[in-house]
Amino acid sequence: MRRVIPYYIAAMDLKFHNKQRTEAMIAVLEYFHFTSKIDDTKGIELSGAYWDSIKNEIKERCAANSSRGDNIDPNNRNGRLEILFIWQVDSLIAEYKNKLKIIKDGEYDRELDNKSKHAAIKANRILKWAIGISALAATGLPQYL
């Protein structure tokens, strides 16, 4: 049975929400439960190349303070993101877990669709052989061989 994604979810802008970014965002947000601060080095360790966009999104959606740090070397950044009200993170975690579930359901649906296509191709191949064998049996040709 094919799952139908509700209109309001399908209409969401999922342009920047692929599976890896969503998993990285969840990892960063869950890290905030241990501490209300995260350094750039830890953020990059948790989310990789998505850190800057994740940092900006958290800063926009939560009451957060962000500092760039004083080091201009991109490999050794010492900035930090600090969340003032930790309870705001819980709603973001729930939202991103929902997005991850939608992405995984879509992958599952595509996998089932591909498997059904492969099964249909195999069934068509078997059908062609069955038609050929029945045509030979109907003509009586195998009796003369």
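This is a predicted model: local features need pLDDT of at least 70, side-chain atom pairs count only at pLDDT 80 or more; totals for chains, interfaces and linings use all residues.

Student: Why is Arg-68 called exposed?

Tutor: The relative accessible area of Arg-68 is 76%, and the label exposed is given over 50%, so Arg-68 is exposed. Arg-68 sits in the loop between β2 and β3, and, leaving aside residues up to four places away in sequence, it touches Asp-40, Asn-78 and Gly-79. Asp-40 lies 28 residues from Arg-68 along the chain, with 8.6 Å between the two C-alpha atoms.

Student: What makes Ser-66 partly exposed?

Tutor: Its relative accessibility is 34%; buried would need a value under 20% and exposed a value over 50%, and therefore Ser-66 belongs to the class in between. Ser-66 is part of strand β2 and stands opposite Leu-81 in β3, and its contacts, not counting residues up to four places away in sequence, are Lys-55, Lys-59, Arg-80 and Leu-81.

Student: How do you know that β3 pairs with β1 and with β2?

Tutor: Pairing requires at least two bridges between the strands. Strand β1 (residues 37–39) and β3 have three bridges in the antiparallel sense, and strand β2 (residues 64–67) and β3 have four, again antiparallel, so both pairs meet the requirement.

Student: Where does Leu-81 belong in the nonpolar core?

Tutor: Leu-81 is among the residues with the most contacts inside the largest nonpolar core, together with Val-28, Leu-29, Phe-32 and Ile-58, in a set of 19 residues. The elements α2 (19–31), α4 (51–61), β3 (80–83) and α5 (87–139) each supply at least two residues of this core. In soluble globular proteins, nonpolar side chains tend to be buried together.

Student: What makes the buried residues of α4 line one face of the helix?

Tutor: In α4, the buried residues are Trp-51, Ile-54, Lys-55, Glu-57 and Ile-58. Seen down the helix axis, they fall within an arc of 165°, and so they line one face of α4. These residues pack against α2, β1, α3 (40–47), β2, β3 and α5.

Student: Why is Glu-57 called buried?

Tutor: Glu-57 has a relative accessible area of 13%, and buried means under 20%, so the label holds although Glu-57 also forms a salt bridge with Arg-61.

Student: Why is the contact between Glu-57 and Arg-61 called a salt bridge?

Tutor: The closest N and O atoms of the pair are 3.3 Å apart, and the cut-off is 4 Å, so the pair qualifies. Glu-57 and Arg-61 are four residues apart in helix α4 and therefore separated by about one helical turn. Arg-61 also meets Glu-95 in a salt bridge, at 2.6 Å from N to O, and that pair links distant parts of the chain, since Arg-61 is in α4 and Glu-95 in α5, 34 residues apart. Through shared partners, salt bridges join Arg-21, Glu-57, Arg-61, Glu-95 and Lys-99 into one network.

Technical notes
Residues are numbered from 1 along each chain as its sequence is written. Side-chain values use heavy atoms; hydrogens and water are left out. A nonpolar core is a set of buried Ala, Val, Leu, Ile, Met, Phe, Trp, Tyr and Cys residues joined through side-chain atoms within 4.5 Å. Buried means under 20% relative accessible area, exposed over 50%, partly exposed in between (1.4 Å probe, protein chains only). Contact means heavy atoms within 4.5 Å. The arc is that of the directions from the helix axis to the C-beta atoms. A salt bridge is a side-chain nitrogen of Lys or Arg within 4 Å of a carboxyl oxygen of Asp or Glu.
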